[in-house]
Amino acid sequence: MGDDNETDVTEFVLLGFSGFGFLQGHLFWGVLCIYVVTLLGNSLIVFLTLADPALHSPMYFFLCHFSVVEILYTTTIVPRMLADLRSSCPTIPLGSCFTQLYFFSLFGVTECCLLTAMAYDRYAAICCPLHYATLMSQGTCTGMVGASYLAGFITGTTHSVCIFTLPFRGDNTIHHFLCDILPVLRLASASTFWGEVGNLFVTITFVFTPFLLIVASYACILATILGVATSQGRQKLFSTCSSHLFVVILFFGTATVAYMRPQADSFGDTDQILTLFYTVVTPMCNPFVYSLRNQEVAGAMRRLMKRYLWGP
């Protein structure tokens with residue numbers, strides 16, 4: 001039983017970027033433009049991958065799913081953020097907060113696992129080229145993608161159920177622009193020890209472990225690249241994995257700083273900026289990173305433009 005003076009929370013107040021004052025208007029238009037570019041760019045990657053037979057390979061199979069997850073991931077966050085940036089008192093009902101936290105966890109962990117699968121694909125292509133077709137068979141690729149979604153489903157369900165079965169009374173102010181795990185958990189009026197332990201366990205299992213596997217994959221790739229005799233050969237091998245490596249550094253770098261560094265009880269402006277970067281900015285970079293320097297994607301785009309715009 002809680003204090004008689006405290007009432008059950010039915011909605012949360014998202015402080016978001018209220019501390020930025022007049023900059024909120026500029027932030028609204030900036031985030032809106034980034035969101036539109038993210039949707040268009042990742043949708044283009046999905047369309048090209050499905051439409052062009054030349055891109056029907058394991059690497060682009062993973063990239064297609066990765067782009068789908070990026071679209072869903074940002075859509076979980078950005079529309080609510082945009083509405084809150086235009087509101088004088090942004091609130092979110094308890095049920096909506098539960099839904100956002102669930103899908104935020106689901107797609108975030110799925111993205112981590114897909115990045116790991118993509119790293120293994122690059123490892124198999126560079127370090128084991130003679131066995132690549134066997135290692136990355138259609139069944140293996142499908143199984144890895146399915147396992148990525150399953151890991152996200154388990155994480156989202158575990159986080160959401162464990163957190164929202166706790167009582168929330170009294171304070172309902174979230175010092176963030178979304179219903180993230182730790183800011184919501186710290187508002188519970190019961191002990192959050194096991195919730196924080198569970199969050200740490202899930203973070204280590206589905207975020208830190210994938211990151212270590214990616215590092216191990218690239219350590220093997222680097223050793224193979226350095227063993228190539230010619231500089232032209234080394235450059236060619238490195239170009240096949242540089243795009244993925246850049247996305248990994250962007251995503252895991254900012255997420256690790258946001259979640260693993262010592263924090264106060266409440267999230268501050270620094271945490272919100274870091275979260276904004278890996279939840280909003282990084283998904284926009286994905287189509288550019290994978291298309292600007294990728295001759296296969298550029299070729300697929302030219303072929304489709306020729307087919308649909310200029311005719312045979």
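Leaving aside neighbours within four places in sequence, which residues is L115 in contact with? With contact meaning heavy atoms within 4.5 Å, L115 touches F66, I214, H244, V247, V248, F251 and F252. This is a predicted model, in which local features need pLDDT of at least 70 and side-chain atom pairs count only at pLDDT 80 or more, while totals for chains, interfaces and linings use all residues. Residues are numbered from 1 along each chain as its sequence is written, and side-chain values use heavy atoms, with hydrogens and water left out.

L115 is also, together with F62 and M81, one of the residues that touch the most other members of the largest nonpolar core, which has 60 residues. Such a core is a set of buried Ala, Val, Leu, Ile, Met, Phe, Trp, Tyr and Cys residues joined through side-chain atoms within 4.5 Å, where buried means under 20% relative accessible area, exposed over 50% and partly exposed in between (1.4 Å probe, protein chains only). Among the elements that give two or more residues to this core are α1 (23-51), α2 (58-85), α3 (94-127) and α10, helices being DSSP runs of H or I with at least four residues, numbered from the N terminus. Apart from this core lies another, of 18 residues, including I163, C179, L182 and L185.

Helix α10 (residues 269-292) also holds T282, which is buried because its relative accessible area is 3%. Beyond its neighbours within four places in sequence, T282 is in contact with E70, L250, F251 and F277.

In helix α7, by contrast, lies I204, which counts as partly exposed because its relative accessible area is 38%.
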